[in-house]
Amino acid sequence: MAALTELAPELIVPGHCTGWRAQHALAAALPDAWVQTSVGTTYTLGAPQGAVG
């Protein structure tokens, strides 16, 4: 968890196979980035204009 929080992701959407303990730990450590997902949910991700890889 320390290494992941150090990366400071803007979005983290763990799937069901992550398990409830890890889900709760992620939600507590990264409350602004963590998003609960469910079957059928669709996410569209993009990069800011002018972003270079």
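Modeller: Let me begin with a term that we will need: buried means under 20% relative accessible area, exposed means over 50%, and partly exposed is in between, with a 1.4 Å probe and protein chains only. This is a predicted model, in which local features need pLDDT of at least 70 and side-chain atom pairs count only at pLDDT 80 or more, while totals for chains, interfaces and linings use all residues. Residues are numbered from 1 along each chain as its sequence is written, and side-chain values use heavy atoms, with hydrogens and water left out.

Colleague: OK, so is Gln-36 buried or exposed, and why?

Modeller: Gln-36 is exposed because its relative accessible area is 61%.

Colleague: How many helices and strands does the protein chain have?

Modeller: The protein chain has 2 helices and 0 strands, where helices (H or I, at least four residues) and strands (E, at least two) are DSSP runs numbered from the N terminus. Helix H1 covers 2-7 and helix H2 covers 20-29, with Ala-8 in the loop between them.

Colleague: What's the phi of Ala-8?

Modeller: Phi of Ala-8 is near 50 degrees, which is a positive value in a residue other than glycine. Most residues other than glycine have a negative phi. Ala-8 also counts as exposed, because its relative accessibility is 52%.

Colleague: Changing topic, what does Ile-12 touch?

Modeller: Not counting residues up to four places away in sequence, Ile-12 touches Leu-4, Leu-26, Leu-30, Ala-33, Trp-34 and Val-35, where contact means heavy atoms within 4.5 Å. Ile-12 is found in the loop between H1 and H2, and it is buried because its relative accessible area is 14%.

Colleague: And which residues is Gln-23 in contact with?

Modeller: Leaving aside neighbours within four places in sequence, Gln-23 is in contact with Pro-14, Gly-15, Thr-18 and Trp-34. The side chain of Gln-23 makes a polar contact with the side chain of Trp-34 at 3.1 Å; a polar contact is a pair of N or O atoms within 3.5 Å, and within protein one must be able to donate a hydrogen and the other to accept it, while residues adjacent in sequence count only if both atoms are side-chain atoms.

Colleague: Now the whole thing: what radius of gyration does the protein chain have?

Modeller: The protein chain has 13 Å, whereas a compact globule of 53 residues would have a radius of gyration near 10 Å. That radius is taken over C-alpha atoms, and the globule rule is 2.2 Å times the number of residues to the power 0.38. The C-alpha atoms fill a box of roughly 40 × 30 × 15 Å, taken along the principal axes.

Colleague: What share of the residues is buried?

Modeller: Buried residues make up 11% of the 53 residues in the protein chain. Among contacts between residues at least 6 apart in sequence, 30% join residues at least 24 apart.
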